[in-house]
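Hello,

Here is the structure I promised to pass on to you. Please open it next to this note, and then read on for what turned up in it.

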Amino acid sequence: MEKSVENSHTDLTREDVKRGIDGANLSKDIYENRTPQQTSKAVPHGVEKWKRGDRKLRTDVISQMRINLCSGEHNLASPSGSTAKPSGDQMQKRTQETNVESTGEPSSDSEEEDQAQNFLVKDPNAELPPEHWQIGKLVKYIRGGNQTSTTISLCALYDMPLNTEVCQLAVRDTGGVEVLVNLLETDEVRCKLGALKILKEISQNPELRRAISDQGGIPPMVELLRSPNRDLKCLSAEAISNVAKFARARRTVALLDVTNHCGDVRSPEVERDLEVARCGALALWSCSRSARAKAAMKKAGVISLLARLLKSPYEALLIPTVGILEECASEHDYRVAIRTEGMIEDLVAHLRAQNEELQMHCAATIFKCAVEQETRDLVRQYGGLPPLIELLSVNENKELQAAATGAIWKCAVSFENAKELQKGDVISKLVAILMQQPEEVLVNVVGALGEMATNKNNIALIRQANGIPPLIALLTGTNEDLLINTTRALGRIAEDQESVPVIEKNDGVRLLWSLMKTNNPSVQANAAWALCPCIENAIEGGEMVRSFVGGLELVISLLRSPSMEVRAAICGVISKIAKDEENLAVITDHGVVSLLSELSYTTEDSIRRPLAEAVARCCCWATNRSDFGKNGAVEPLVCYLKSEDPAVQCATAKALYQLSRHPENCVVMHAAGAVKYLVDLVSSNNEELQEAASSCIANIRRITLAHVKAQQEWQARETRQQFVRHMEAQLPRLTSPGQAFPRPQNFYDLSHDNNSKNALKSPSKSLGTFGVDEAFHST
């Protein structure tokens, strides 16, 4: 046994001499749990051979290591040892547990990137680099050696350039991943440390992450998190932080509960506790990309721990802590917890830190949390808006600039925040960074300008800052999020009449019209809504619309879009186009009446208002009023009056007023119970709504009175006809045979009155015969 040990040791040290490994440094690093210094830099994919150092063999250190080891040496990574690798059943069970934990969750962004990378295709004729054979030898010594050779081999393997893809894949191809995972379940702390250091390095590669997960490496690393050894906990957490970009839901919350530090911060104990907490936070940061991990973290009480860690003065600990909050802020429960636990104040305070990475994560967290009104108010109350404005000037760090502009965008949704932001001249600063910026920054900048434009006073400031031409230039891009924000911003700016000529001069209207041809429904809808104020406030809006070849046909075709959002926007465009008679005649010929009638059965208030406005405008041409009634659009419109949205009620009252100018539509409205709702709307505070409702009631009343008058005349004629029949039946009794009964000269012969005959047949059809149309139009 001793001879075999000596032979293996001699072979190992001889190989070490060839590679130039400094045994003293390696042994010292292992015993002191430090990272060995690499003896060479990264080698490009086998182009250059690894440099050999002229280092002297330190046999005294090796001998000392052998003396310190236990006398009963055993193999740590082979099945013959007391802590051998698991059997086939155990390995299968561990793999199944990992698979169960890794399935059933939505994939994160990092996982999608991992899956997108193509695996290297091995060429059987390609020559393997020398590093591959060296790593294969070291894995062989780890697998078949004793404690001494295993420890030395781990140090030698860690000394390889593991940051290169060649060495990383060599560890996987030679079976090193399985051996390293097995070492995590041994009782030897030094072997665990060496294996964890190597796993931490090679797990930077997405393919190695998958391999570690497939070999069941996650459970033993998680188990090591409960170890009393701080170095093991620290390295395990760092390894998990890398592997968790593929595997998910790791319970490492316990590592963070080290905030009650006491004593000198420079003491080794406190520094080591802080390092453990930092590594635990890094692991949680990677795990927090998973929905299941977020749920497990919340159940384990991570929110209160994060709130305490957020008050730490150590930036190295704050960065992963805020990173966890940034990832978790995508869920409503976490956003509420961040607000109620008082974390907004700490996030705002850290915006003034000197560390740009910390500032970036704080701003990104505010960006996600500021979707709620309460959070936006807290950011303003704690003075978070001025530091966000200051971060706009950091042109070198684009990630920080994107996070700051995103936070400003969401905070500007509140009117009070917009006023506070403008005190810092935010509009001119946003316009200044509209050019030559990454799309991530531009999306947020344009979104912020769009929110600032909700205040009409700010529209003039945007125009004076020459911000309209750069916005129009962005309409030629392909980023859909950027196009949505740009069209929304231009639509709000176009509500100012003085800004429309600037948009038209820079060809903005044509570009907006062309965007309605895109395949994205959101881009189409926002472009259509932006066109509405452009057409309405243009000097020659009707002529401008006709100047676009095929523009009106495009608008009508979009009424058949499967997206209700697009249909609602197109109805808004039609309500503006129909103000011009020539345009109204063209869209009528293209069948706008039948298409709008088909949409009238909708139950969504978002489409009811623009639809009712479009119907009201289209009624002003030819027989469109009658056609709407024939297509069954009147009765569904009456149901719109039940809506609680005042804008829908007002638009519907206008449409019904235009439709009520045709008698048959009035009859349908009366039968559908429109009078009851219209009477209630007359008492509204909206004068426009009052006028439309009262006018519609007046038209229905005139038709009703004419109908009552026709019925009375029909009843009178029927009575006279019955009297004539009765008298004719009595004539034979009153006259002698052969003598005619004298008829009075002024007697009205109803038998020859064609109108009376028609009235007797159908009293309902006599409405138009007995002066109803004349009575209606005379008014």
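Let me start with a helix pair: α6 passes α7 in a left-handed crossing, where left-handed means that the near helix is turned anticlockwise from the far one by less than a right angle (clockwise would be right-handed). This is a predicted model, in which local features need pLDDT of at least 70 and side-chain atom pairs count only at pLDDT 80 or more, while totals for chains, interfaces and linings use all residues. Residues are numbered from 1 along each chain as its sequence is written, and side-chain values use heavy atoms, with hydrogens and water left out.

**The α6 and α7 pair**

Helices here are DSSP runs of H or I with at least four residues (strands are runs of E with at least two), numbered from the N terminus. Helix α6 covers residues 130-144 and helix α7 covers residues 147-158; their axes come within 8 Å and cross at roughly 155 degrees. That makes α6 roughly antiparallel to α7. Angles over 145 degrees count as roughly antiparallel, those under 35 as roughly parallel, 65 to 115 as roughly perpendicular and the rest as oblique. The axes are lines fitted to C-alpha atoms, for helices over the stretch in contact, with angles from 0 to 180 degrees between N-to-C directions.

On the α6 side, the contact (heavy atoms within 4.5 Å) is made by Ile135, Leu138, Tyr141 and Ile142, and on the α7 side by Ser149, Thr150, Ser153, Leu154, Ala156 and Leu157. By class, this contact has seven nonpolar, three polar and no charged residues. Ala, Val, Leu, Ile, Met, Phe, Trp, Tyr, Cys and Pro count as nonpolar, Asp, Glu, Lys and Arg as charged, and the others, Gly among them, as polar.

**The α20 and α23 pair**

Helix α20 (residues 356-369) and helix α23 (residues 398-411) have axes that come within 8 Å and cross at roughly 30 degrees. The two are therefore roughly parallel to each other. This crossing, too, is left-handed. Among the residues in contact are Met360 and Phe367 of α20 and Leu400 and Trp409 of α23. The contact of α20 with α23 divides into 11 nonpolar, two polar and three charged residues.

**Two helices that are largely enclosed**

In α20, 10 of the 14 residues are buried, so the helix is largely enclosed by the rest of the structure; buried means under 20% relative accessible area, exposed over 50% and partly exposed in between, with a 1.4 Å probe and protein chains only. His361 and Cys369 are among the buried residues of α20.

Helix α10 (residues 189-202) reaches 20 Å from its first C-alpha to its last, close to the 20 Å expected at 1.5 Å a residue, where the expected span is 1.5 Å times one less than the number of residues. Of its 14 residues, 12 are buried, so α10 is largely enclosed as well. The buried set includes Arg190, Lys192, Lys197 and Lys200.

**A few loop residues**

Asparagine 506 sits in the loop between α30 (500-505) and α31 (508-515), and at 31% relative accessibility it counts as partly exposed. Not counting residues up to four places away in sequence, asparagine 506 touches Pro469 and Ile472. Aspartate 507 lies in the loop between α30 and α31 and has a positive phi of about 65 degrees although it is not a glycine.

Glutamine 436, in the loop between α25 (426-432) and α26 (439-452), has a positive phi of about 55 degrees, again without being a glycine. At 80% relative accessibility, glutamine 436 counts as exposed.

Best wishes
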